[in-house]
Amino acid sequence: MSSTPLSPAADVPVSGPGRGVRIEAHGIDVIGDEERHGRARQLFGVWAAPNVSYLSLVVGGALVLMGLNLWQALVVIVAGNLCWVLVGVVAVSGPAAGAPSEVIMRAMFGVRGNRVVIGINGWFVSVCYVALSWAAASVTAFSLFARCGIELNVVGKILVIVGIAAVTLVISVYGHGVIVKLYLPLTLVLAVVFVVLAGYVLGHTDWAYRPQAPLHGAGLWAALTGGLALVASASLSYNNSADFARYLPRSTRPAAIAGWTALGAFVPSVLFTMLGALAATTLDMRDPQTALAGVLPGWLTPVFLVAVILGAIANNAMTVYSSGLALQVMGVRLRRSRSVLLDGTLGVLLTLYALLVSNFLDAVNHLLQLMVVLLGPMMAIYVADIVLRRNRYDGHKLSDQTKTSPFWYVGGVNWIGIAALAAGAVVAGSFLLIPGLYTGFLADAIGGIDLSLPAGIVLAAVLYTVAMRPRLTAARNTRTDTGKAVA
């Protein structure tokens with residue numbers, strides 16, 4: 001069988017074995033057992049650092065601005081972040097296959113079908129997310145310079161954007177090893193800042209907060225379901241969690257992989273989003289930076305701004321890393337480090353356009369909200385496939401892109417996966433509600449309640465399971481009868 005090559009040439013290590021961190025040599029090729037290392041608990045830091053996020057503060061404040069009272073907002077935050085459990089489940093497929101999520105999804109959509117699916121979700125959406133996050137970090141950096149008495153002109157702003165991107169890309173190019181080593185201490189630093197920040201915010205929290213016009217009936221349900229989808233959208237975008245678990249030994253317990261991945265992301269996401277909601281009880285969180293600066297001492301504000309920038313860098317380094325792998329899966333023959341640099345360059349250009357030229361950022365933000373209709377069903381299909389196959393994946397078979405591949409299906413497409421994804425997306429879109437932009441006809445029919453999240457996830461998972469189970473059962477029985485190992 002023909003395996004997918006690493007790239008036209010392998011990335012060259014910058015230091016010899018045992019002499020420190022090296023540029024990661026692997027792309028979408030299979031990680032051999034002799035190169036597996038580490039423990040599942042290392043995934044906690046990997047997922048915690050990028051989720052100490054300024055955008056979480058914004059989301060938390062937005063829930064209160066939507067009309068929810070404090071306790072309703074806190075319940076929505078916890079419930080929405082439970083979707084990180086799905087991200088943890090997806091991560092277990094990495095050590096099983098020794099391959100990244102972008103390759104494993106060939107089992108769900110076929111060799112050719114997966115290129116299209118990954119092109120939309122794994123690459124395009126990732127680059128857009130990178131631009132959004134870099135834009136938020138850059139605006140924060142502009143504020144930091146302004147507090148130091150430095151007013152940046154256009155050239156200065158460009159240099160700041162490029163500087164933030166450069167730090168991000170260095171981490172992404174060095175890859176998995178640096179992410180694992182760097183993110184735990186970074187998590188500890190960010191946690192200290194969070195604790196200090198939380199102390200000041202809690203001192204200004206109105207625990208008895210009620211909106212001036214409390215929501216009731218359909219209006220309340222609309223805010224609750226819309227807020228739930230908003231909170232869950234962050235976790236649903238991470239169907240690439242196997243990318244960061246694939247170097248773990250094959251013998252690593254799946255429960256440990258799923259648990260540390262989910263816990264690492266869940267804890268900071270819940271706490272930081274809650275902090276935004278708590279602050280919104282007395283502060284105007286439509287402009288979180290300005291609002292928080294009003295209650296923080298002068299020395300803490302710049303520390304908080306630096307923490308926000310570091311969190312954005314950590315988040316984007318992971319996103320760019322995976323988008324580089326996605327580009328390889330799409331058939332672009334570049335070594336991983338060069339594909340990372342290409343995607344990073346596109347992200348920088350989009351960020352520059354967003355901040356310096358037009359309202360592109362708003363357009364991309366709306367586009368990503370619409371993309372939730374794909375993200376939920378895709379995550380559901382991935383999890384369903386792991387359950388159906390009992391997490392038994394053969395990385396070498398997944399790397400075979402010839403017509404003899406077991407994942408070639410019909411013309412290179414698994415139409416069961418594509419149909420389940422399409423059906424889930426259509427139903428989710430019908431239940432989707434984005435105020436001022438789009439209202440699905442089913443959401444309108446039930447009084448403006450956004451059920452896009454559960455509808456898309458449940459339908460896609462059920463359709464995929466019902467259609468794929470007989471096929472996988474027959475294939476398993478055939479292999480067992482012929483004495484071959486089940487893949």
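## A charge over a ring

K157 lies over the face of F142, 5.4 Å from the ring centre. For a charge to sit over a ring here, NZ of Lys or CZ of Arg has to be within 6 Å of the ring centre and within 35 degrees of the ring normal.

Some ground rules before going on. This is a predicted model, where local features need pLDDT of at least 70 and side-chain atom pairs count only at pLDDT 80 or more, while totals for chains, interfaces and linings use all residues. Residues are numbered from 1 along each chain as its sequence is written, and side-chain values use heavy atoms, with hydrogens and water left out.

## The chain as a whole

The protein chain has 20 helices and two strands; helices (H or I, at least four residues) and strands (E, at least two) are DSSP runs, numbered from the N terminus. Its C-alpha trace spans about 70 × 60 × 40 Å along the principal axes. A compact globule of 487 residues would have a radius of gyration near 23 Å, and the 22 Å of this chain agrees with that. The radius is taken over C-alpha atoms, and the globule rule is 2.2 Å times the number of residues to the power 0.38.

Of the 487 residues, 55% count as buried, where buried means under 20% relative accessible area, exposed over 50% and partly exposed in between (1.4 Å probe, protein chains only). The accessible surface comes to about 19700 Å², with 67% of it belonging to carbon and sulfur atoms; areas come from the Shrake-Rupley method with a 1.4 Å probe, and for residues only the protein chains shown count as cover. Take the contacts (heavy atoms within 4.5 Å) between residues at least 6 apart in sequence: 84% of them join residues at least 24 apart.

## Aromatic pairs

A pair of aromatic rings is described by the distance of the centres and the angle of the planes. Rings of Phe, Tyr and Trp (its six-membered ring) pair if their centres lie within 6.5 Å; planes under 30 degrees apart are stacked, over 60 edge-to-face, and the rest tilted. The structure holds nine such pairs. In one of them, the rings of F244 and Y321 have centres 5.4 Å apart and planes at 35°, so this pair is tilted. F244 sits in the loop between α11 (217-236) and α12 (254-279) and Y321 in helix α14 (residues 300-329), so the pair ties together parts 77 residues apart in sequence.

Both partners are tucked away: F244 counts as buried at 3% relative accessibility, and Y321 counts as buried at 0%. Ring pairs also link these two with W47, W84 and Y238 into a cluster.

## Helix α2

With 12 residues at 1.5 Å each, helix α2 (residues 54-65) should span 16 Å, and its end C-alpha atoms, 17 Å apart, agree. The expected span is 1.5 Å times one less than the number of residues. Buried residues in α2 include Y54, L57, V59, L63 and V64. Their cover includes α3 (70-81), α8 (111-147), α13 (288-293) and α14. After α2 comes G67, with a positive phi near 115°.

H37 lies in the segment before α1 (42-48) and is partly exposed, at 42% relative accessible area. Leaving out residues up to four places away in sequence, H37 touches H176, Y247, L248 and P249. H37 and R246 are 209 residues apart in sequence and 9.5 Å apart in space, C-alpha to C-alpha.

R338, in helix α15 (residues 336-356), is partly exposed with a relative accessible area of 48%. R338 and M371 are 33 residues apart in sequence and 27 Å apart in space, C-alpha to C-alpha.
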